[in-house]
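Me: I am new to this structure. Please take me through how its parts meet and where space is left.

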Amino acid sequence: MTRTRVDFSAAVENEMEMTLPALSVNEGMARAAVAAFCAQLNPTAVELADLKCAVSEAVTNCIVHAYRESAGDIRLNVKLCEGRLVQVEIRDRGCGIPDVRQAREPLFTTDAQGERSGMGFTVMESFCDSVKVHSRVGKGTTVTLLKRLHR
Amino acid sequence: MIQNKSRVNYETHGDAMVIRFSGEIDHHSAVDVRTGIDEKLMMERPPRVFLELSGVEFMDSSGLGLIMGRFALVHRYGGKLAVLDPAPAVQKILLLAGMERMIPIRYSTKNQRKEGKGQ
Ligand SMILES: Nc1ncnc2c1ncn2[C@@H]1O[C@H](COP(=O)(O)OP(=O)(O)OP(=O)(O)O)[C@@H](O)[C@H]1O
Ligand SMILES: [Mg+2]
């Protein structure tokens, strides 16, 4: 695996990559795997809970929206960087988001039928230090979560 | 190994039904438990429903959808629904979503120490 750098060029100290099929049963697996990998930085219980929740949001969006409950792959990349910085990238090759700004608004959802609250991006934003969304219609979406751990 | 299991059990006290969740509430488990809960609610139509969340170890926005959906269902048949004793991490996401403006959040005396603590 080639070691890349995070956007603001903090050196990557450890890295994990995994690909999972877009099955809802893997939501728990994905957040647990990210949490287990980050445990080496001794995060607080609250930091870990927040990160798990943010990852769960992004992974669920791949399953529910990107692939609309049909087959596809979700790629997760986790980088632990100097300065106790965690970057988690969640990538799908699904339908893409036509208007990212609108999608990120609290309560916005394209799936009201499915009992969605439209709070996924809001949760990611409040539980992480930064959330980047790169999306192309028909190509897919990459969500990049950054969280700095304290202590 | 696969951990996103959620369990649900029911208790009735007079006109109140307490639906107690434990484990993890995400999209996977929400879809799993939703039908069973709705069948139970529609069959018994309890005037007061409490979603007891003290045993919930994880919840994301799919849990918000699950709660709002049950709130709407109970409201439709003329009942009332409240959330009871949310675990700290659950309370955090409920407040983030402004859920308390729509659905009452109650704390029983036995769980009072959790009140207002958030995280
Ligand atoms: N990976 C994705 N691919 C395609 N569309 C997406 C993706 N992620 C999000 N979206 C779009 O952005 C909208 C908002 O996402 P967000 O997670 O905030 O809310 P939601 O998923 O609709 O509801 P909730 O997360 O509360 O269950 C979605 O309704 C969907 O239209
Ligand atoms: Mg979502």
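Me: Across the interface of chain B and chain A, how many residue pairs are in polar contact?

Reply: A polar contact is a pair of N or O atoms within 3.5 Å; within protein, one must be able to donate a hydrogen and the other to accept it, and residues adjacent in sequence count only if both atoms are side-chain atoms. Both residues must be at pLDDT 80 or more. Across the interface of chain B and chain A, the number of such pairs is 13.

Me: What kind of model is this, and how are its residues and chains labelled?

Reply: Residues are numbered from 1 along each chain as its sequence is written, chains are lettered from A and ligands numbered from 1 in the order in which they are written, and side-chain values use heavy atoms, with hydrogens and water left out. Local features need pLDDT of at least 70, side-chain atom pairs count only at pLDDT 80 or more, and totals for chains, interfaces and linings use all residues, for this is a predicted model.

Me: Which three residues supply more than any other three of the area that chain B buries against chain A?

Reply: Buried area is the accessible area (1.4 Å probe) that two parts lose on being put together, summed over both. Between chain B and chain A this is about 2000 Å², with 57% from carbon and sulfur atoms. Of the area that chain B buries, 28% comes from His27(B), Phe58(B) and Leu96(B).

Me: Which residue of chain A meets Arg70(B) in a salt bridge?

Reply: A salt bridge is a side-chain nitrogen of Lys or Arg within 4 Å of a carboxyl oxygen of Asp or Glu. There are five between chain B and chain A. In one, 2.7 Å from N to O, the partner of Arg70(B) is Glu115(A).

Me: Which element gives the largest share of the lining of the largest pocket?

Reply: On a 1 Å grid over the protein atoms alone, a pocket is an open set with protein on both sides within 12 Å along at least five of seven lines; lining residues have an atom within 4 Å of a point. Of the 42 residues that line the largest pocket, Asn61(A), Val64(A), His65(A), Thr109(A) and Thr110(A) are the closest to its centre. The largest share of the lining, eight residues, comes from H2(A).

Me: Which element gives the most to the lining of the largest cavity?

Reply: A cavity is a set of grid points where a 1.4 Å probe fits but cannot get out. Phe21(B), Ile25(B), Leu51(B), Leu53(B), Leu66(B), Ile67(B) and Arg70(B) line the largest cavity. With three residues, the element that gives the most is H2(B).

Terms used: Helix = DSSP H or I, 4+ residues; strand = E, 2+ residues; numbered from the N terminus.
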